[in-house]
Amino acid sequence: MDALETLVEGPRARGAFVLRLELDSGWSIRVADESVLTVMAVQAGSCTVTTQSAAAHASAGDVVVVRGPGPYSVASDPDRPPDFIIEPNQVCIDVDGNRLVESMRRGIRTWGTTEEGVDRILVGTYARPLEVGRLLVELLPELLVEGSDSSTRALAELLAGQAMTEAPGQAVVLDRLLDGLLVAALRAAGTGGERPGDPPIDKVLAYLHAHPQVPVSVEAMARLGALSRTAFAQRFSD
């Protein structure tokens with residue numbers, strides 16, 4: 001098991017909330033749904049995501065991961081005041097408190113201000129910590145924007161297509177595709193992910209992953225990799 005598998009091996013999404021957003025230019029959404037983790041794939045246009053401690057711009061092809069449960073905003077312009085507010089249980093209201101679920105429905109799991117927006121964003125949320133695993137929740141930054149690779153974009157497109165589908169077992173399909181999109185985004189961002197192969201270091205890492213309860217010194221790891229302490233320290237750092 002590699003480091004990324006260790007990170008995301010916990011329970012998976014169960015009845016995750018998945019929604020396609022179709023929005024004209026000039027909009028702002030304040031999200032206070034208290035979800036533990038949100039994944040957003042920008043499929044067209046762009047947006048700025050602002051959390052309590054970070055802000056980042058995302059364009060078409062990017063995947064954004066937001067660690068909750070604190071509030072955040074998603075907007076075409078970060079200085080624009082909220083037009084809409086998402087409350088717990090995904091209740092959507094305007095700034096006057098009027099519910100907007102029906103008035104802005106644009107089809108199956110699709111919501112927005114128009115049928116085909118300038119800005120198009122696919123959103124998936126994990127409501128409870130056990131759905132993503134304690135370790136992942138603890139280690140992720142509050143905001144992560146990843147310029148996705150081709151496999152991540154393909155998963156986002158597949159999830160977007162399935163979001164517009166109603167069929168037996170569809171909730172399970174959406175859960176598993178959302179899990180796949182999250183893992184692909186973390187892998188592409190380099191969270192425990194790919195690096196050039198190095199057999200001595202790979203051997204040491206395999207031992208550490210298999211025996212996390214055993215204290216191991218630098219000298220012991222160097223012996224395990226059949227390297228000098230200096231050579232091991234440099235290659236392990238690299």
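A: Helix 3 and helix 4 are roughly antiparallel to each other, a label given to angles over 145 degrees, on a scale where under 35 is roughly parallel, 65 to 115 roughly perpendicular and the rest oblique. The model is a predicted one, in which local features need pLDDT of at least 70 and side-chain atom pairs count only at pLDDT 80 or more, while totals for chains, interfaces and linings use all residues. Residues are numbered from 1 along each chain as its sequence is written, and side-chain values use heavy atoms, with hydrogens and water left out.

Helices here are DSSP runs of H or I with at least four residues, numbered from the N terminus. Helix 3 covers residues 150-163, and its axis lies 9 Å from that of helix 4, at an angle of about 160°. Such axes are lines fitted to C-alpha atoms over the stretch in contact, and angles run from 0 to 180 degrees between N-to-C directions. The crossing is left-handed: the near helix is turned anticlockwise from the far one by less than a right angle.

Contact means heavy atoms within 4.5 Å. Among the residues of helix 3 that meet helix 4 are L155, L158 and L159, and the helix 4 side of this contact includes L174, L177, L178 and L181.

Helix 4 itself has 20 residues, 170-189, and should span 28 Å at 1.5 Å a residue; its end C-alpha atoms are 28 Å apart, which agrees. The expected span is 1.5 Å times one less than the number of residues.

Terms used
Helix = DSSP H or I, 4+ residues; strand = E, 2+ residues; numbered from the N terminus.
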